[in-house]
Amino acid sequence: RFNLPFQYNRNNRNELMALSKLVNIRLREVLREEKSGVYGVSFAASPKHYPVENLELNIYFSCAPENVESLTASALAVLQEVKEKGCEEKNLVKIRETLIRERETSLKENQFWMGYITQSIQNGEDLGDVLKYTDWVNTLKAEDIKTYAAKYIVTDNYARFVLRPEN
């Protein structure tokens, strides 16, 4: 878990969403496919507005106890890699496709609209931004993701939690 200050606005939340997609792809490729150390791994970015603007970044995975150290090191290496190298084109295509597909599905759900309208009003954000989202996604570039990583992957305030089963 990493905690850092965050300016809570729609643009920053969108940037985080795109960055999260890449980190999840890379964590799955490295921890699951390359290392065969986990069945599933997740990177979650949780921006908070109230009571204080901040950002929590969490990486979750389950593994054999003897793999905790090496897989934790691999997960941290993925974060560093994303900061240094950004995004390959093949992953950028996946990110764009996923973001657009998820939005298309969400637009059909009342829950999305309730949350979007409520959040827009609470945060003084333009309701019309919903019309700009697809254009924003389609113009995402690999350099943008690298910029987002530099902005949001800050590992100074880091805590590691390991749950161990009873022997």
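Me: Hi! Before we look at strands, when do two strands count as a pair?
Reply: Two strands pair if DSSP finds at least two bridges between them. Keep in mind that this is a predicted model.

Me: Good. How many bridges join S2 to S3 here, and which way do the two run?
Reply: There are eight bridges between S2 and S3 (residues 54-61), and the two strands run antiparallel. One of the residues to look at is Pro47, whose bridge partner in S3 is Leu55.

Me: What does the sheet look like as a whole?
Reply: The sheet is open and has three strands in the order S1-S3-S2, with antiparallel pairing. S1 (2-5) and S2 (41-48) are the edge strands; each has a single partner strand, so one side of each lacks a neighbour in the sheet. On average, neighbouring strands of this sheet are turned by 15° against each other, direction ignored.

Me: Which helix lies across those strands?
Reply: That's H2 (residues 68-85), which lies across S1, S2 and S3 and runs at about 135° to S3.

Me: Let's zoom out. How many helices and strands are there in the protein?
Reply: Six helices and three strands. Starting at the N terminus, the order is β-α-β-β-α-α-α-α-α.

Me: And how compact is the protein?
Reply: The radius of gyration is 17 Å, close to the 15 Å from the globule rule for 167 residues, so the protein is as compact as a globular protein of that length. The C-alpha trace spans about 55 × 40 × 30 Å along its principal axes.

Me: New topic: what's in the largest nonpolar core?
Reply: The largest nonpolar core holds 39 residues, and Leu19 and Leu27 have the most contacts inside it. Elements that each supply at least two residues of this core include S1, S2, S3, H1 (10-34) and H2. H1 gives the largest share, nine residues.

Me: Which residues does Leu27 touch, apart from its sequence neighbours?
Reply: Leaving aside neighbours within four places in sequence, Leu27 is in contact with Arg32, Val41, Phe43, Ile59, Ala75 and Val78.

Me: What about Ala77, where is that, and how far is it from Leu27?
Reply: Ala77 is in helix H2. Ala77 and Leu27 are 50 residues apart in sequence, and their C-alpha atoms are 9.6 Å apart in space.

Me: Why does Ala77 count as partly exposed?
Reply: Because its relative accessible area is 42%, and partly exposed covers what lies between under 20% for buried and over 50% for exposed.

Me: Last one: how much of the protein is buried?
Reply: Of the 167 residues, 40% count as buried.

Note on methods
Residues are numbered from 1 along each chain as its sequence is written. This is a predicted model: local features need pLDDT of at least 70, side-chain atom pairs count only at pLDDT 80 or more; totals for chains, interfaces and linings use all residues. Side-chain values use heavy atoms; hydrogens and water are left out. Helices (H or I, at least four residues) and strands (E, at least two) are DSSP runs, numbered from the N terminus. Axes are lines fitted to C-alpha atoms, for helices over the stretch in contact, and angles run from 0 to 180 degrees between N-to-C directions. Contact means heavy atoms within 4.5 Å. A nonpolar core is a set of buried Ala, Val, Leu, Ile, Met, Phe, Trp, Tyr and Cys residues joined through side-chain atoms within 4.5 Å. Buried means under 20% relative accessible area, exposed over 50%, partly exposed in between (1.4 Å probe, protein chains only). The radius of gyration is taken over C-alpha atoms; the globule rule is 2.2 Å times the number of residues to the power 0.38.
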